[in-house]
Amino acid sequence: MNGGAMSALHTIAESSHDEPRQWLTLVERKKVLAVVHTVTYAKRLLEVLSLLEADFRIQVVFTTPPHAFGDDVPRFLQHQGSPLLPWSEATHMTFDLAVAAGPRGVEQVRAPVITMPHGASYLKRLPGATDPGVAGLRRRDLMPGGKPPAAVVVPHHADLRELERHCPEALPLAHVVGDPAHDRITASLSRRTAYRRALGLADGERLVLAVSTWGPHSFFGRFEMLLPRLVGELASGRYRTAVLVHPNVWSGHGSWQVTTWLAWCRRLGVSVVPPEADWRSVLVAADYIIGDHGSVTLYGTLTGAPILLTGSPEPEINPHSPAATLAVTAPALSPAHPLPEQLDYAAAEYRPEEYAAIGARITSEPGRFHRNMRRLMYRLLRLGQPAHEPRVLPLPDPPTLRAWAADRGQASA
């Protein structure tokens with residue numbers, strides 16, 4: 001972090017104690033705290049905070065509580081130009097609003113807090129945890145430390161029934177606002193050809209995107225068996241393969257280790273999407289998705305790409321979620337048949353109406369997340385909204401696939 005950024009943060013901190021603010025140009029701003037636990041949470045919160053852009057009445061500050069997957073957050077946010085306020089200082093300050101996509105430590109924040117999910121719907125159960133239940137819907141997730149937030153954001157009206165079942169105390173605080181990733185993906189579908197061109201795909205080449213969440217039951221937990229098939233069975237010139245691994249895998253095992261594990265397939269032309277990259281445009285560009293029970297596979301139902309599931313661990317899937325429906329709709333990857341044949345089968349069996357119904361379960365406010373979320377934030381900030389409709393912009397073009405691959409053992413440029 002550079003000295004100017006640190007000075008600005010300390011000046012903001014001092015302002016909460018009514019000490020001199022000689023270094024600030026804009027004073028008497030509303031202060032918003034972004035509580036960023038992991039890179040995954042950071043990506044979701046940056047989408048939300050974009051709704052405050054160009055408003056000179058508001059100053060946004062970032063902080064990161066201790067988290068098992070939080071080591072990469074400072075570097076990621078610094079790359080965004082977002083210096084971090086130390087957690088020990090942030091918890092002694094008062095803010096006008098805080099937003100968080102995870103619960104840890106949020107009860108220590110002195111501000112009205114908006115909590116929100118960091119992925120699609122509420123997909124995962126935690127059967128082996130000390131506090132089992134559906135991740136994101138447990139009382140400890142919604143009311144950490146027993147302290148209620150100012151608002152609980154959910155993507156779908158059906159989630160209110162789940163909320164009533166798991167944490168009825170949070171139901172009066174719930175707001176159905178939609179899903180930002182859903183809206184950005186659907187707003188970008190018309191740019192699929194442009195994304196494929198940016199990725200460097202030739203006419204007739206089919207992009208196979210292998211997607212993994214994290215945890216022992218994820219696709220990555222079996223990568224050493226499945227990756228050789230992606231490399232050996234998908235003919236060069238007809239197929240291009242990209243691998244998208246959850247940022248928690250990179251954080252949990254370390255970037256060096258994950259890069260080392262995947263080095264051999266990169267040398268054979270497989271593109272490994274880095275954890276800081278925006279995966280959504282790559283998902284839109286894919287011809288086939290081979291994935292597990294994570295959020296990205298579920299978002300794939302919006303794109304029209306046939307899906308092959310690598311596994312559906314029933315104990316880990318919330319039976320009331322769209323992931324449970326996808327698990328009995330998409331064909332399962334077989335170890336006994338050639339991979340190209342299975343991709344052709346998935347395409348032949350693909351029924352757009354079935355996948356559209358699953359995708360519709362992600363949000364009951366399609367295209368309206370930005371409008372609904374901005375209204376909620378400004379209401380809690382006690383400010384009038386800017387006099388324009390928030391736009392849902394198409395995603396930017398991705399880098400070329402060659403930027404994420406190494407050719408014949410040589411590092412990519």
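1. Buried here means under 20% relative accessible area, exposed over 50% and partly exposed in between, with a 1.4 Å probe and protein chains only. Strands (E, at least two residues) and helices (H or I, at least four) are DSSP runs, numbered from the N terminus.

2. Before going on, a word on what you're looking at: this is a predicted model, where local features need pLDDT of at least 70, side-chain atom pairs count only at pLDDT 80 or more, and totals for chains, interfaces and linings use all residues. Residues are numbered from 1 along each chain as its sequence is written, and side-chain values use heavy atoms, leaving out hydrogens and water.

3. Now the sheet around E10. It is an open sheet of five strands in the order E9-E8-E7-E10-E11, with parallel pairing. Strand E9 (271-273) and strand E11 (307-309) are at the edges with a single partner strand each, so one side of each has no neighbour in the sheet. From one strand to the next, the twist averages 20°. Two strands pair if DSSP finds at least two bridges between them.

4. Going through the pairs, E7 and E10 run parallel and are joined by four bridges, and Val 211 has Gly 291 in E10 as its bridge partner. On to E11: E10 pairs with E11 in the parallel sense over three bridges, with Leu 308 in E11 as the bridge partner of Ile 290. Strand E8 (residues 239-245) is joined to E9 by three bridges, again running parallel, and Val 243 stands opposite Val 272 in E9.

5. Which helix lies across E7, E8 and E10? Helix H9 (residues 223-233) does, running at about 160° to E8. That angle, on a scale from 0 to 180 degrees, is between N-to-C directions, with axes as lines fitted to C-alpha atoms, for helices over the stretch in contact. Contact means heavy atoms within 4.5 Å.

6. Next, helix H8 (residues 192-199), where Ala 194, Tyr 195, Arg 196 and Leu 199 are buried. What covers these buried residues of H8 includes helix H7 (180-188), E7, E8 and H13. Gly 200 follows H8 and has a positive phi, near 90°.

7. Leu 199 turns up again in the largest nonpolar core, which has 39 residues; those with the most contacts inside it are Leu 199, Leu 207, Leu 209, Leu 283, Tyr 299 and Leu 326. Helix H13 (residues 280-285) gives this core its largest share, four residues. Apart from this core lies another, of 33 residues, among them Val 32, Val 39, Leu 51 and Val 99. A nonpolar core is a set of buried Ala, Val, Leu, Ile, Met, Phe, Trp, Tyr and Cys residues joined through side-chain atoms within 4.5 Å.

8. Take Leu 209 from that list. Leaving aside neighbours within four places in sequence, Leu 209 is in contact with Ala 242, Leu 244, Val 282, Leu 283, Ala 286, Tyr 288, Ile 289 and Ile 290.

9. There is also an open sheet of six strands, in the order E2-E1-E3-E4-E5-E6, with parallel pairing. Its edges are strand E2 (58-63) and strand E6 (174-176), each with a single partner strand, so one side of each is left without a neighbour in the sheet. On average, neighbouring strands here are turned by 25° against each other, direction ignored. E1 pairs with E2 in the parallel sense over six bridges, and Lys 30 stands opposite Ile 58 in E2.

10. Is Leu 33 buried or exposed? Leu 33, in strand E1 (residues 30-35), is buried, with a relative accessible area of 0%. Leaving aside neighbours within four places in sequence, its contacts include Val 61, Phe 62, Ala 90 and Val 109. Leu 33 and Thr 94 are 61 residues apart in sequence and 9.3 Å apart in space, C-alpha to C-alpha.

11. Finally, the whole chain: 18 helices and 11 strands, with 53% of the 413 residues counting as buried. The radius of gyration, taken over C-alpha atoms, is 22 Å, which agrees with the value near 22 Å for a compact globule of 413 residues; that rule is 2.2 Å times the number of residues to the power 0.38. The C-alpha trace spans about 70 × 50 × 45 Å along its principal axes.
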